[in-house]
Structures are given as C-alpha cells and as structure tokens.
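Here is a briefing on a predicted model. Look over the sequence and the structure first, then read on by topic.

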Amino acid sequence: MKIGLEIHQQLNTKKLFCDDESKLYDDDIFPTIVRRLHAVKGELGLTDEAAMSQEKKSLQYRYEITPNSCMVEWDEEPPHNVNGEALQTAITVARLLNTHIVDTFFVMRKIVIDGSNTSGFQRTIMVAKDGYIVLNGNKYNIETICLEEDACRKIRTEKNELIYRLDRLGIPLIEIATAPDIHTPEEAKEVAEYIGMVLRRTGMVKRGIGTIREDLNISIEGGNRVEIKGIQDLSMIPKYVNEEVERENNLLKVKEILHERGYADFPFKMVDMTDLGKRINSHVIKENLEEGSLLSLILPNFKGLMGKDIGITRKVLGPEFAAISRYHGAKGIFHSDELPGYGIDAGNLNDIYAYLGIDRAKDGFVLFAGEVAIGKRILKDIYERAKYAYTGIPKETRDPLPDGTSAYSRVLSGMHRMYPETDILPVTNNFDMQSKLPEMPDKVVNDLAESFHLNKKVAWFIMKKAYDDDFKKLATVCMDYSLILKIIEEVIPLLEKNGIEVIDLYNSFLEVVTAYNKGLFAREAMVDIAYTTKLENISIDEAMLKLGIKSISREDVYKIVDEIINKKRDFIYRTGYERSLKPIMGEVMKEIRGRYSGKEIMEIVREKLSLCF
Amino acid sequence: MNDELKVGSRVKIEKNGTVYEGVVIPSSIFSEKNMVNIKLDNGYNTGIKIDEKCNIIYLSEPEPDKTAERDASHNGNIENIHERGNDNGSITIISTGGTIASYVDYVTGAVKPVVDGSGFMSIIPELNDMGKISIKPVLNILSENISFEDWTLLARECYNNIKKDTGVVVLHGTDTMGYTTSLLSFMIQNPSAPLIFVGSQRSIDRPSSDGFFNIISAVNLIKAEVMSEVAVMMHASTSDDGVSIHRGVKVRKMHSSRRDAFRTINGMPLGFIGPSLTDEKFRDFMGEYNFTPKYGIEYNRIQFNKQNIWLRKDVKKGGNTEFFPKINRKVSLVWFYPDMKRDDFEFLKGKEGVVFAGSGLGHMNKDMIELVKELVKKGIVTAISTQCINGTVNMNVYETGRELIKAGAISASIMTPEVAFTKLSWALANSSAIDDTVKLFKQNIAGELSY
C-alpha cells in the first residue's frame, strides 16, 4: 500500500488576491448572483476530462455575497497582487520542510468547473519542491509546497442549482504534498499531524475545524490511484484508509467474478419502460413518473454484483451507481440486487425481467425514474462504470463520508487543468530567506517536557493539540501544572464530545485557574467547573451554584469531621487509627468534595482522628 | 546561456541538489536576466535562475506545434463546417479581436487576440447547433488600437453581410465598442438585418467568461427576427441571467471590469434576452435606469427558442439598408478641466471639427470660450457635450452657456461625448458646407437624440 498526503492549511492573513478579511459568516440572508461555467481548452489545446464531466451536469451556481467579498471574488475585477504575508509564510514553511524554493513564483490557473470558484479556476503558486521531514526515524519526502486560494463554501444543492458562499473564496491555503512514502494508515495520520504542527510553528495559520484539510492518495496492489479529498478530522485518516482498502479489495473480487463469468463487451442498451412503470405501486417511481419516464439499463452478467451476496464484505458497485446518480443531481435509481423493495414487489420484478427479456439468473439491470435527458446521462455513466468493473479500480476523486467510507465525486484531474494566470505578473523571489526560523515541533516538545517536568508523551499530546503556547502562558498563572494537564486531558475531550472546540486554551480557562488560585473552590471541583462554564457558557459563580459547590470555611470542615468521627466512633476504636483513616476520609470527602482542598481536609482528619486515641 | 534554451524544448536543470524537468516556455518581457521559465510535468510553471552551478541537460527538441492541425481536424475548415442545419437564414460572425477572441500570450503573459476564427466554433460548440453560421475574421486588434481605416473596412464588411444575412454578429473589444457601434449606426442606416456587437469582460479562455452567454444570446436574438438595428449585447447584471440589448448610438462602457459595464445612456435599452428572464428580473433590470424618465417607453414580451425576449415596441425592423461609407478623421474630442488655457490647443490646427466634454450643462471657462470663438471663425465645427454623461446639454441656463452659443458652439444635447465625436466625424464627411454639417449633427439619425 502506498499513501501520499496533500495537506491544505488556511493562513491567518487577508485574502490571497485582495484585501478582504479571511473569515467565515454564519447562516444569514445574503444577496446572491447566478453564474454558469463553460469548459475551455487548456494551454495545450485540450479540455480537461474532469472539467468536461462537470460541464455535462449543466448546473447553475448561485453565490451568496458576504461582506468580505469584493469584485475579485465575484470574478468582476482582476485579482490584485499576491498577499506578501501569505507568500512569506509559505516560504517559511518551505524552509522548515527542507525544500528547494523556486526563483520565480508563477500564479497558475487550475481549471475547476464545479462552481466552487467563480472564475472557473483556482489560482495556485508552486513555491517549493523536493523536501523532507524525519518522523520516528523515518524520512518522508515532500514533493511540492504550493500557495493557493481556498474555494467557496458549498451551502446546499437544489434542483439544477448549487449554492455557494463567497466568504471562504480567496483565503490563502498552503498545500503540502508528500510523496507516496507512507505505508500504513497510522503512519498517514502521524505524518499529517506532524506537518500540521510544523505549519502552526509559523504562528500564521488559522485554527479550528475546517481550517486544515487533507487529501489522501491511496493505491493498493492491483488498484489505481484514488484520491479522498477534504478530510477535516485527522484522527479519521486511518479509518478512511482501511475503508478504502476494503472497498478496493471488494472491487477486485467483483472483477474476478466477472472474469470467471466470461468477458463480454456489451453495448449500451437503455429501455424505456414508462408504461410498465405506471403499473408499479412504488411511491418513488410514481412521484417521478408524473413528468418523467422509467428507464432501464441492462447489465448482462451483473447479477448479484451490485449487492454483496457474492462473498464480498460490503456492497460496492451499488453505492458507486448511486453516487453517479447523485453526481447528476438525481435520486431515483434502483438496481436489480436490491429488488424486490422500495414498493417494487416480486410480481413487478417478474414483469420487468420479462419486459427486458434478460436472464434473471445471470443478468442485472438499473432503473431510473425521472427526466429522460438526465436519465440518459446517468445511465450512460453507470454503463461506463459497470464496464470498468472488468478492468478494476477506476482512478477517481472521492468525497469522505462521516462514517469513514467515501463516495464517488468525479474523475481524477489531469495536468491539462493548469495554465498561467494572465492577470498577475510572475513574482521574482526577493523574499527573506535567511531570517531565523521558528523552532521545529520536536524541539518545542523537548523544551516543554524539560521546563515543566512533563512526560515526553504528555508533551507531544499538548503539542498535537496545539496548546503548547497556551500551556506555557497558563503555567505562569498556575504553578500546579497537573491542573492544566487535567484541563487538557479531561475537560477538552468532554467538550469536544459536545461539539465545542477550544482553540484559545489560555483565555478560555484563565478565569477558572485564577478562581482556583483564590481558593474559591477545591482542586477536586476543577474539572466539573471548567467543563460546566464552557459547556453552558456561564460564569464560574453560576457553575458553582449549578453544581451545588459552595466553598466552606475551615471551621465548617472541622465541624463536619467532628460529626462524622462522632458517628463512627465505635468503628474507629475497633479498627484503629491507621486502618480507619481511609474510610473516614472517604466519608468526609463525600460531604465536602470540591468545596475545600482535599489535601487540607486530609490534615484535619488526621489531626482529629489522632485525638481519638 | 538562456539563448541555448530553445522555447518548447525539453530540459532537465540540476540546481542545488534538486532537478527541474519540463518544457521551456518563453520568458516574459519582465523576466529577470538569466531566469529560465519551465513548465514542469506537474503542470506548474516556474522560473529558475541559472548560474554557473546549474547543470542543464537537453532532453529533446521542441515538438512541432500541432494546435492548428488539431483545431482543423476538429472543425473542418471555416467554409464547410457551418453549412449544417436546415435554417433558411444565415448568420455571419465577424471577429475583430478583443477579449472576446483572446488567448494567453506566453511571451508577455497577457491576453492577446486570436489570429483566426477557425478555432472559435470549437470554443463555443453550442453554435454548431444554431443553424448556418460562418465566421469571418476581419480585424485582429485590441479595440483601443482601432483606427478610422479599420472602421471603414469593418463598416463595409458589415454592410455586405447585412444585405445577405439574417443578421450579423461582430465580436469586438469592449474598450471602444461604443465608438464603433455609434459610428456604424450612422454609416449603415436603416439596416435590413440586425448588426449586433458582442464583447466580453472576462476573456474567452476562462470558464467564467461572459462572452459565451453574450454570443449565444446575440445569435438567438437574430434568429428570432424581431428587430434590425445596430445594437450592443452584453450582460444586464453581474449574474448570467440576462443580456441587455442597447441601441448602438446610446451605449457606453461604464465600468472598467464588470460584466454589466455597458449601459444605455439617456434612454432605455432596446430590450433584454435570457432563457430564465422572468417578469421580476425584467423589472430589476429596468430599475437600474432610474436616471431616465421612461417617457412611455413600452416593451413587448416575446418567446422564442426557450428564450424570453423583452423588446421595445418602437424597435426598428426590416429597413432598406443605406450605406454612407465616408468618415472624416479630422475631429478631436477634448475633456474640459478647470483652468484650461486656450494656449494648450495647438493640436487643433488642421482639424475640421471638435467636441468638447464640458462641465455640467455644457460649460467651459472664459479662456476656452475665446478659443471656441476662434475655432468657429476658422470654420471648425465645435460641439459641446457634457462630462456628466447622464443628462442633457443645455447652454441656455447660465451666462457661460449663452456665451458659448454666441461663440458659435453647437449642443450635443443628450448624446454622449463619444457619440458626438463619431457623429461629427460622419457628418463632416457627408456634407459639403458647414451649415449642412451642423444640420446633420442636429438631426436624429439613428435614435441618438431619442430616449
């Protein structure tokens, strides 16, 4: 198995080709503009395959105009000069990753006509090539480092229309592509995390969900290059790799079966069965037949191959066909391996086989209900995909799904998508290449471990979480480092489980730490209070009230300890000082927990207990 | 060292322990010395500074350029490919250069006009299904370079095709399109078929180019056979939702870069066209013209070939084409500014007409009034327009205006400075005495004096 990574990190500068702020806007009502895109010939006079297949969809794109989009984002004005701060940051990263930085930066246009860029292309600059990182004693090569503009955010899809928001368009992204030097799923995750840490060392990157995205390039033995594009959660990388390997193995099995059944090139045969469709009592079909037709594609020899009753671990071809249909903006397809079902009963199924005149013991079919023109495109693409099952695994780009699997997104782009941006002059590299570089993550981790007497593993954990600076800052306020660790190790995961992302650790928890220093609550209550204030966005006082934590006086503690000792006096005499200490302490803690320092309670219990003897 | 690196050849350059392998591309006129530009195999262009430590290995000679060949095989040749469809009418697309027919120039890195129209049909394959269309490259210039000679040549070509075609589309650079369309409106009067000028604000090599929609809309309008005027068709808004139809003598480029840069000035557009042009959209487009009193201008809604067309009821149709090919280039257009001095105008020597873009209602300072007196005395026809662009010239309101009239200046009324310029150059060439010229200038020839 060979895995290559492409890491895309947003920079915290203004936009790459204009002076708009790099920020995102929440859902709101925005004015919109509508555009269509047209496939064009590239520099070499050829039209890119990926670009063409997008155009076939004949969609229109609606763009929501946010306050941080000017005429550059609307594609109504030429781009301004490259943002110098962003380019300097890319150069710093390039130096940190031991790459060779080029002497002239050319802005290129990479054709993308899925509407995610108003211009129909993404602007990108190759900054450096051929570098490496060393991680856990292994060397991983870096092929290229590019600086590019982020695309629009896709908001939703409607019939024949995709809705995008312009806020993200133009935010600078550093793209780091590794060589396919990675061989295990875990390694892929570690390399991605490490490069993320290197990027953060510049102090110029954005933080939070969606600000770093990964593309995985995977090829397995007997397979082809498949790209899973836009993974936002790095911890999911191993899962995506494993799922992809399983999918490809299943596809190879399908291929094997097809060859066992004997290769036969079959023609594209689409049958209109609208009249039959009208007799089928399926809700989905009925709905789509009001203005459309019921079309069928015959797939000879495909019986069982779209489902999983052929000794594979998961359905593979069926979901691929469904994704093709979604790609064209349609739902309503069924394949023979999932029937009867969806309101199509056994009787209907018999009718369909009879109508198509195919052998139900070995042949399969796909049904589409809806507009004929769309159906034709979908069934033609499904036909091509089905035929490819004889060959193996198609080169393609896939979208990651939340469960770790992925879905077909489009064919893999070729190099013809690139041609020069004519509106911007090439930039000669006169940038600062000698200045002191930020320290690499390894060094920071060592220092952290040493200065705060932390276990290396813990220090790496802090680093991975990108809390290294915040940890140091909080440590100046709170000498009890283990308390800060408790926040990182216990509070943060709890909050993340509830969908709350903490980027600024210092400011998020400074108040809690200060309150603790003042003795407002005991060490034991820290986790609960810190968690509650953030989860419910309330003050420390409110959180303490809510949790029933009131700090109590030393006198109160004496009183409680006295009461418990009195109640347990028999037990204490029977078991003796040493052996009763723990149970009595337990009783006391049950009463006081969180309201007074456990350490001091222990002293009081010892003192009082010793008086009994 | 650079001289050895032939453009198009494949090379491998070793520098500081890394290798750049790819095809040599031309260096730009801004390139630094010793900078070699290469298109790498990953598609990126990059520049490498060559020094004595670099090791350059030639891998192969430049490959012969196959682009033209491929285009030809793809399209056949211009004469025979477009004879498809069984439409009765035929349409000629005349190309003159400009953004709409531009490609990337690898030398300057800028956009440059295409040399021939043959590749054009492959850029817009939709045209192949729209009947008999022939492409005729007439000029190959960026529109800022257009000259009186070019205008004469273009006008004749348009006239010849109007006589035989259902309509003519001219692909024109947007910068001076308004000059060309107004001049041609005076040169070709009462056309029997529409003469539609189309441009694009985003070059045609971009997937987002506005040119595609503009051209297809122009061809659709011609096929509808609903009007026959000289017009400009460009985006009505920043969206791809409708194309405006502007009368050639009323239109002006009002923005340096936007798709909807073209506006009808002192009047209402002839109409709008688009496949999804709803009543609401039509009202939106009309709302843009809040400077103009509507003067009871009414529109018809026409449906043709999945297009919604909104067209002025007073649009002209089916004329008997008259051609006035003569134009006089001895005209100047001068933009007045405060404290302008008559001494600055040596260059008006030998001119036969001058248009001033005055301030406000059509004013100039005292010194310039003196100049006007002199000019008129010398027999130079002097017209005053307004640099406000919107609104009419009225020299009766203020003293300055009255003095200008007294000095012999004539009013350009609601014509833009550019239209006053082209009209004067046409009127001068088509009259024998100054009085006739003035009469022609004041006559409403192609709707320039109507709203």
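Beyond its neighbours within four places in sequence, Ala90(A) contacts Val127(A), Ile145(A), Leu147(A) and Ile174(A). Ala90(A) is also one of the residues with the most contacts inside the largest nonpolar core, which has 103 residues. The model is a predicted one.

**Nonpolar cores**
- Besides Ala90(A), the residues with the most contacts inside the largest core are Val127(A), Ile145(A), Leu216(A) and Val366(A).

**Chain A: domains and a helix residue**
- Chain A is divided into domain 1 (2–236 + 416–420), domain 2 (264–389), domain 3 (441–546) and domain 4 (554–611).
- Domain 2 and domain 3 of chain A have their C-alpha centres 56 Å apart.
- Helix α11 of chain A, residues 456–464, contains Val458(A).
- Val458(A) and Leu485(A) are 27 residues apart along the chain, and 8.5 Å separates their C-alpha atoms.

**Contact between the chains**
- Chain B gives 36 residues to the contact and chain A gives 41 residues.
- On the chain B side, the elements that give two or more residues are β3 (35–40), β4 (45–49) and α1 (67–75).
- Of these, β4(B) supplies the largest share, five residues.
- By class, the chain B side has ten nonpolar, 16 polar and ten charged residues.
- Strand β5 of chain A, residues 104–105, runs antiparallel to β4(B) and is joined to it by two bridges.
- Which residue of β4(B) is the bridge partner of Thr104(A)? The partner is Gly47(B).

**Chain B overall**
- Chain B has eleven helices and 24 strands.
- Of its 451 residues, 47% count as buried.
- Among chain B contacts between residues at least 6 apart in sequence, 70% join residues at least 24 apart.

**The nine-stranded sheet of chain B**
- Nine strands form an open sheet with mixed pairing, in the order β9-β6-β10-β12-β13-β14-β17-β19-β18.
- At the edges are β9 (132–137) and β18 (299–304) of chain B, and each pairs on one side only.
- Neighbouring strands of this sheet are turned against each other by 25 degrees on average, direction ignored.
- Strands β17 (271–274) and β19 (307–312) of chain B run antiparallel and are joined by four bridges.
- Gly274(B) stands opposite Asn308(B) of β19(B).
- Helix α4 of chain B (148–164) lies across β6, β10 and β12 of chain B, at about 150 degrees to β10(B).
- Helix α5 of chain B (177–187) packs on the sheet and touches β12 and β13 of chain B, with its direction at about 155 degrees to that of β13(B).

**The four-stranded sheet of chain B**
- Four strands form an open sheet with parallel pairing, in the order β21-β22-β23-β24.
- The edge strands are β21 (331–335) and β24 (410–411) of chain B, each pairing on one side only.
- Six bridges link β22 (353–358) and β23 (381–386) of chain B in the parallel sense.
- Ala357(B) stands opposite Ser385(B) in β23(B).
- Helix α11 of chain B (434–442) lies across β23 and β24 of chain B, at about 20 degrees to β23(B).

Technical notes
Residues are numbered from 1 along each chain as its sequence is written. Chains are lettered from A and ligands numbered from 1 in the order in which they are written. This is a predicted model: local features need pLDDT of at least 70, side-chain atom pairs count only at pLDDT 80 or more; totals for chains, interfaces and linings use all residues. Two residues are in contact if their C-beta atoms, placed from the backbone, lie within 7 Å. Ala, Val, Leu, Ile, Met, Phe, Trp, Tyr, Cys and Pro count as nonpolar, Asp, Glu, Lys and Arg as charged, and the others, Gly among them, as polar. Two strands pair if DSSP finds at least two bridges between them. A residue is buried if 20 or more other C-beta atoms lie within 10 Å of its own, exposed if 12 or fewer, and partly exposed in between; C-beta atoms are placed from the backbone. Axes are lines fitted to C-alpha atoms, for helices over the stretch in contact, and angles run from 0 to 180 degrees between N-to-C directions. Domain bounds come from an automatic or database domain assignment. A nonpolar core is a set of buried Ala, Val, Leu, Ile, Met, Phe, Trp, Tyr and Cys residues joined through C-beta atoms within 7 Å.
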